[in-house]
Amino acid sequence: MYDIVVTEFVDRWAVDDLAKDYKVHYDPKLVDKPDELAALAAASPAIIVRNRTQVRGAVLAAMRNLKVIGRLGVGLDNIDMDECAKRGIEVFPATGANTVSVAEYVIGGALVALRDVWKANADVLAGKWPRNDLMLGEAMGKRLGLVGLGGIARATAKRAKALEMELVAYDPMVGPDDPAWNEYGVARLATVEELLVTSDVVSLHVPLTPQTRNLIDAARLAKMKPTAIVINTARGGIIDEAALAAALKAGKLGGAVLDVYDQEPLKAGSVLDGVPRLWLTPHIAGVTAEGNVRVSTVTVANVRGALRRLGIAGSK
């Protein structure tokens, strides 16, 4: 029996720290072996996961002794939160630990997309000199629309403000009297449509829920400026990928930067294959060397603290 099962990559020092007091099984590839995961964690009181491990269905049912889930990140759509609540399982996301990493990614993505710098790579290597084609825009004066105004969106707004961008946001969960609007210099918009119609860069910062699935669909993409950039570091499924691909192919959108996808990893023949002005990364916006240290530190502390509070001693 293991006290803690870790299913995806984490800093080795974090595993060693937990292993001082607990019997730990660490396999960063366990996420791709659900049957083995269910068997290994069947009697374990704690597991630590990232975003790919699906803690639900038969896997969750097999974990009959589970009390604590440490989430190396902040999204919880891979965890059946309702079932965890019914069973009294405590879930601990690493809230705030990768905020800076994601905010910097959004700003970097906006700057790259506004200048379309990656487009020139093949031409320059081929001896071409497409300077006039790349006489594009600056960030200063552009409107950044934030769909959601949680912690990462606020950190993004803080950095965008330094670039003298105009900031607007739509978030019905943040009331008009919330001090965050003034603190971060963000204008509150009443509808997501108003944000999409007027923004030069749109950045998504909402969880994936039944209400936000395909929030950015063909109809809403059609409302955006033909020069607009959309950036998704939140969750795949919030953007209708087929509709996005169609808009980019038709030249009805300036560009897109995606770090998350409806299915991860992407499969061969994805609708995103061969799409122009589309830049893809493998869900790494929140994964930096510094951010990973913070995420690991927070998660180790959360899991250790919860087990101690529940009176669960290590079996070592």
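A salt bridge is counted where a side-chain nitrogen of Lys or Arg lies within 4 Å of a carboxyl oxygen of Asp or Glu, and by this rule the count comes to 14 salt bridges. Side chains of opposite charge can pair when their charged atoms come close. The model is predicted, so local features need pLDDT of at least 70 and side-chain atom pairs count only at pLDDT 80 or more, whereas totals for chains, interfaces and linings use all residues. Residues are numbered from 1 along each chain as its sequence is written, and side-chain values use heavy atoms, with hydrogens and water left out.

One of the salt bridges joins R304 and D17, at 2.9 Å from N to O. R304 lies in helix α12 and D17 in helix α1, so this pair ties together parts that are 287 residues apart in sequence. Helices (H or I, at least four residues) and strands (E, at least two) are DSSP runs, numbered from the N terminus. D17 also meets K20 in a salt bridge, with an N to O distance of 3.8 Å.

R143 belongs to strand β6 (residues 143–147) and E166 to strand β7 (residues 166–170), so the pair ties together parts that are 23 residues apart in sequence. R143 is buried, with a relative accessible area of 17%, while E166 is partly exposed, at 38%. Through shared partners, salt bridges join D17, K20, D21 and R304 into one network.

Helix α12 (residues 289–309), which contains R304, has 21 residues. From its first C-alpha to its last, α12 reaches 30 Å, close to the expected 30 Å; the expected span is 1.5 Å times one less than the number of residues. An α-helix has 3.6 residues a turn, so residues three or four places apart point the same way. The buried residues of α12 include N292, V295, S296, T299, V303 and L307. The buried residues of this helix pack against β1 (4–6), α1 (12–19), β3 (46–49), β4 (68–71), β5 (90–93) and α5 (99–115). Just after α12, G311 takes a positive phi of about 75°.

The largest nonpolar core has 31 residues. Such a core is a set of buried Ala, Val, Leu, Ile, Met, Phe, Trp, Tyr and Cys residues joined through side-chain atoms within 4.5 Å. At least two residues of this core come from each of α9 (192–198), β9 (201–204), α11 (241–249) and β11 (255–258), and α11 gives the largest share, five residues. The residues with the most contacts inside the core are L244 and L253. Leaving aside neighbours within four places in sequence, L244 is in contact (heavy atoms within 4.5 Å) with L221, V230, I239, L253, A256, L258 and L278. Apart from this core lies another, of 29 residues, among them L149, A157, L167 and A285.

Conventions
Buried means under 20% relative accessible area, exposed over 50%, partly exposed in between (1.4 Å probe, protein chains only).
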